[in-house]
Amino acid sequence: MAEITTAKTAGKKKEVEVFDSEEAVAVSLAKYTADLSEKFCKERGCFTVVLSGGSLIESLRKLLEPPYVDSIEWSKWHVLWVDERVVPKDHVDSNYKLAYDGFLAQVPILPGNVYAINDALSAEGAAEDYETCLKHLVNMKVIEASSVSGFPKFDLMLLGMGPDGHVASLFPGHQLCNENEKWVTCIKDSPKPPPERITFTFPVINSSAYIALVICGAAEAVAVQRALGKDQNSDVLPVQMVSPEGELKWFLDKDAASKL
Ligand SMILES: O=C1O[C@H](COP(=O)(O)O)[C@@H](O)[C@H](O)[C@H]1O
């Protein structure tokens with residue numbers, strides 16, 4: 001039985017739902033994603049979806065099954081990454097490879113609508129190139145521009161979180177958490193390997209229409225407690241900086257929520 005808490009602060013909706021198991025998270029996440037796909041395909045004629053790496057991809061598995069695999073308008077999806085490791089696309093650390101092998105290869109998304117980073121470039125070059133790609137997609141009106149921030153406004157961002165509270169490749173205490181001009185930036189000293197990565201910045205993340213934060217497992221419980229419990233710590237974790245223009249929904253399994 002899932003527990004749901006909903007709050008509205010300054011017009012922003014935040015919902016936290018705790019599920020009995022990761023399996024129940026995956027079932028609910030598939031319906032949530034499919035419903036948003038239907039809404040945006042109807043309203044805008046396309047659906048911009050931003051993926052994370054890590055455990056998130058496995059939690060998308062129910063989209064590969066009926067009814068969703070047949071009902072979703074996959075040809076209208078445009079898929080991007082909130083962060084990527086600066087490694088070749090066929091490297092075991094590549095977020096693209098993880099998503100391709102575990103999800104994208106099994107659905108009819110148009111290859112031209114999947115925007116991987118250019119793995120022939122340096123970290124700086126890849127970040128600039130990906131920002132240029134985003135600007136092109138905004139000009140083509142594939143990605144909306146936020147009327148509030150001017151940053152790209154993705155329809156749905158699917159975020160995971162590391163045990164240290166990092167999201168995308170924005171790590172606790174790192175100066176990149178405060179970047180407020182660039183759309184995409186690079187990190188060369190990531191505390192989690194591999195060290196070189198590119199990442200969307202918080203202004204882009206927080207311009208999203210919908211964000212799903214998908215967090216499962218006991219290893220994440222302390223960071224979840226700091227973010228959602230009664231925390232006295234004055235250091236703000238990156239996950240606590242996730243605050244979209246639109247709606248934020250936390251999908252937690254009971255292990256991740258065990259310290260709440
Ligand atoms: O390095 C990364 O880690 C986070 C969290 O991964 P998880 O396996 O703990 O869920 C992920 O969201 C990010 O995209 C990835 O590059």
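# Close-up views, one by one

**View 1. Ile-215 stands opposite Leu-252 in strand S12.** What you're looking at is a predicted model, where local features need a pLDDT of at least 70 and side-chain atom pairs count only at pLDDT 80 or more, while totals for chains, interfaces and linings use all residues. Residue numbers start from 1 along each chain, following the sequence as written. Strands here are DSSP runs of E with at least two residues, helices are runs of H or I with at least four, and both are numbered from the N terminus. S11 and S12 pair in the parallel sense, with six bridges between them; two strands count as paired if DSSP finds at least two bridges. On S11's other pairing, strand S8 (residues 156-159) also runs parallel to S11, over four bridges, and Met-157 has Ile-211 as its bridge partner in S11.

**View 2. Strand S11 (residues 210-215) is largely enclosed by the rest of the structure, because six of its six residues are buried.** Buried means that 20 or more other C-beta atoms (placed from the backbone) lie within 10 Å of the residue's own; 12 or fewer makes a residue exposed, and anything in between is partly exposed. In a regular strand, side chains alternate between the two faces of the sheet. Follow that along S11: Tyr-210, Ala-212 and Val-214 point one way, Ile-211, Leu-213 and Ile-215 point the other, and all of them are buried.

**View 3. S11 belongs to an open sheet of seven strands, in the order S1-S2-S12-S11-S8-S3-S4.** The pairing in this sheet is mixed. Strand S1 (3-9) and strand S4 (77-81) are the edge strands, each pairing on one side only. From one strand to the next, the twist averages 15 degrees. (Angles run from 0 to 180 degrees between N-to-C directions, with axes fitted as lines to C-alpha atoms, for helices over the stretch in contact.) Look also at strand S2 (residues 12-19) and strand S12 (residues 247-253), which run parallel and are joined by seven bridges. Glu-15 finds its bridge partner in S12 at Lys-249.

**View 4. A second open sheet has three strands, ordered S5-S10-S9, with antiparallel pairing.** S5 and S9 are at the edges with a single partner strand each, so one side of each has no neighbour in the sheet. Direction ignored, neighbouring strands of this sheet are turned by 20 degrees against each other on average. Helix H4 (residues 123-139) packs on the sheet and touches S9 and S10, and its direction makes about 165 degrees with that of S9. Touching, or contact, means C-beta atoms (placed from the backbone) within 7 Å.

**View 5. Strand S10 (residues 197-200) is covered on both faces.** Arg-197 and Thr-199 on one side, and Ile-198 and Phe-200 on the other, are all buried. Strand S5 (residues 83-85) pairs with S10 in the antiparallel sense over three bridges, and Arg-85 has Arg-197 as its bridge partner. Strand S9 (residues 184-187) also runs antiparallel to S10, joined to S10 by four bridges. There, Val-184 is bridged to Phe-200, while Thr-185 stands opposite Thr-199.

View 6. Glu-23 is partly exposed, because 14 other C-beta atoms lie within 10 Å. Leaving out residues up to four places away in sequence, Val-25 touches Phe-19, Ser-59, Val-214, Cys-216, Phe-251 and Asp-253. Val-25 and Asp-253 are 228 residues apart in sequence, but their C-alpha atoms are 6.5 Å apart in space.

Definitions and conventions:
Contact = placed C-beta atoms within 7 Å.
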